[in-house]
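Look at the chain below before reading on. The notes that follow go from the whole chain to its parts.

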Amino acid sequence: MPQVKILPPDLRNKIAAGEVIERPASVVKELIENSIDAGSTDILVEVLYGGKRLIRVSDNGSGMDREDALLCFEPHATSKLTTEDDLFNIKTMGFRGEALASIASVSKTKIVTGTKKSDEGVSIELSGGEVKEIKDAPSAGTSVEIRDLFFNTPARKKFLKSNSTECFHIIDTITKEALSHDKTGFRLLMDHKETIHLPVASDLRERIMQVYGKEFLNGLIEIRAESEDLAMKAFVSKSDYFRNMKSHQFIFINKRPIKDPSIAHALYKAYEGILPHDKHPVFFIFLDMSPKKVDFNVHPAKREVRFEDKESVYRFVLTGIREEIRSDRTEYARQFTEIPAAVPFGQPVHSPEIPHYPAVPSGGSAVSENMEFLYRPHLPFIYLGDTFIAVSGKGGLTLIDHHAAHERILYEKFLKGISLNSHQLLFPQQVKLSPKECLVILGNIPLLTDFGIEADDFGHDTIIVRSLPDALHDSDIRGMLADIASCIIEGIAPEKSLKEALAARIACHSSVRGKAILNQEEISQLLADLEQTEHPDQCPHGRPTRIFFSPDDLKKLFKRK
């Protein structure tokens, strides 16, 4: 008896579903892309219980007649390819013709569709891929309803995560599709509550503003570049607008969201010498090229691509981004490179980012040491540049990273809830977030209250912040809330609690920055506060706050011992 067997169609579809349909968000992605290919300008997505109970996608696209509607659930049935040549000239979001058959094989499915030219439509119901009912139904456009996903494959169903986690993935999916399709409106109703509402936008810039808000958009540079075979529109971080996490990084090829390490590397390379080692740029890269020069048929979910000339794409992105970044950096650096006005005798230099202390009277004058930081010889410390200072004392030389030191002090204050001195804002601050970020923040309001942050839902993916601790007075509140949301979504290391992880994030946002100039009293207060912490030698992320060199250490460095 032969050992090799041809699998039955229903089992083949379930295997295909395992490759294409990983979770409810995968269903949403496939159905949305079908709607986009049908020319829809308005797409409504409805989900119940994280998409496990119900996913319904409705659109105003071209729709299908009765014959096409019956054929669309057959394996490899598609209107988008006819010959082998078409496979290497893909201009649509979908092309394989396996998504609907795969989805239907692991769910209870209903489609109601009709063309705009006809008054009659059709309704088809399936269960596990088998047609159960066909009837006439007036319709223009298409509505596809998926119930009880994986009802007949319990082994797959048990791997689904919590409803909230699946909802986050669905929000992510819709956000990515919406970012690259600005001429299409999107709505998401999650458990009957509107979570996303994005009307048709005039351009990509407006769409980014719809999703993330004007404040977020103001931190980005818009870049356009063209060559013979490539065109790029990009929105990337300004020189002072970096993030602690990689949560706002998107790459689109011909409007398709993808992951490509090579293009991401080109972005980071463009920021070389500008980007701090522990920060990440925000970027939205929209590349357009001939479909004949890129292969989308290399990943089951079409998340990866293969370029005909990978090197030329890399160079094009790197050159286009780097030139604009350098231009922006020149403007940003001008405030530091201009020679400062002379400081009157005995007058300290203050930064708005740190509290004011009275100056200690002493002789001397201020001179410019390196065009970026003021060096004042009458103080018992020297600015070395960036966040570093050198202090003589305790029988040796101590090098201090004042940003890391301040981070440690604030971290322990936030963690213990002491000396936060939270105060009501005279004008409460409205913070626009992405739908996913907003949902996460609203689910963790009590934790923010523990840190002295009073915040509420203001509607339309906006958080209203009513009170803040003194340490956060001049902080980037939007960036901090986005970081908090990303931290919660990406998960916490097993050895840390959520409160510890968030305290570290908030402390980083509120600590003294590199361009702050501290006077003698401020340095003394910083060192005294640092000594009172439980772990004064490390910041919350494990980096040193100070390094001590004894006279013996210095002798060894100079080969005198």
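Which residues have the most contacts inside the largest nonpolar core? They are Val45, Ile174, Leu188 and Phe284, in a core of 55 residues. The model is a predicted one. Its secondary structure comes to 17 helices and 26 strands.

**The chain as a whole**

- The chain has 561 residues, and 49% of them count as buried.
- Take the contacts between residues at least 6 apart in sequence: 68% of these join residues at least 24 apart.

- Leaving aside residues up to four places away in sequence, Val45 touches Val28, Ile32, Arg56, Val57, Ile174, Arg187, Leu188 and Leu189.
- Another core, of 35 residues, lies apart from the largest one. Val236, Ile285, Phe296 and Ile321 are among the residues of this other core.

**A sheet of three strands**

- Strands of a sheet pair through backbone hydrogen bonds, in either a parallel or an antiparallel way.
- In what order do the 3 strands of the open sheet lie? The order is β23-β25-β24, with antiparallel pairing.
- The edge strands are β23 (422-432) and β24 (454-459), each of which pairs on one side only.
- On average, neighbouring strands of this sheet are turned by 20° against each other, direction ignored.
- Strand β25 (residues 462-469) pairs with β24 over 5 bridges in the antiparallel sense. Within this pairing, Ala455 has Val465 of β25 as its bridge partner.
- Helix α12 (residues 435-442) packs on the sheet and touches β24 and β25. The direction of α12 makes about 50° with that of β25.
- Helix α14 (residues 477-490) lies across β23 and β25 and runs at about 75° to β23.

**Helix α14**

- How many of the 14 residues of α14 are buried? The count is 11, so the helix is mostly covered.
- The buried residues of α14 are Ile477, Arg478, Gly479, Met480, Leu481, Ala482, Asp483, Ile484, Ala485, Ser486 and Cys487.
- At 1.5 Å a residue, the 14 residues of α14 should span 20 Å. The end C-alpha atoms of α14 are 20 Å apart, which agrees.
- Gly491 follows α14 and has a positive phi, near 95°.

**Helix α16**

- The 12 residues of helix α16 (residues 520-531) should span 16 Å at 1.5 Å a residue. The end C-alpha atoms of α16 are 17 Å apart, in agreement with this.
- Which residues of α16 are buried? They are Glu522, Ile523, Leu526 and Leu530.
- Seen down the axis of α16, these buried residues fall within an arc of 100°, so they line one face of the helix.

**Positive phi in loops**

- Asp148 sits in the loop between β6 (141-147) and α5 (154-157). Although Asp148 is not a glycine, its phi is positive, at about 50°.
- Is Asp148 buried or partly exposed? Buried means under 20% relative accessible area and exposed means over 50%. Asp148 has 24% relative accessibility, so it counts as partly exposed.
- Asn254 is in the loop between β12 (249-253) and β13 (256-258). Asn254 is a residue other than glycine, and its phi is positive, near 50°.

Methods: Residues numbered from 1 in each chain as written. Predicted model: local features only at pLDDT ≥ 70, side-chain atom pairs only at ≥ 80, totals over all residues. Heavy atoms only, no water. Helix = DSSP H or I, 4+ residues; strand = E, 2+ residues; numbered from the N terminus. Expected span 1.5 Å × (residues − 1). Buried < 20%, exposed > 50% of the residue type's maximum accessible area, 1.4 Å probe, protein only. Arc of directions from axis to C-beta. Pairing = 2+ DSSP bridges. Axes fitted to C-alpha atoms, helices over the stretch in contact; angles between N-to-C directions. Contact = heavy atoms within 4.5 Å. Core = buried A, V, L, I, M, F, W, Y, C linked by side-chain atoms within 4.5 Å.
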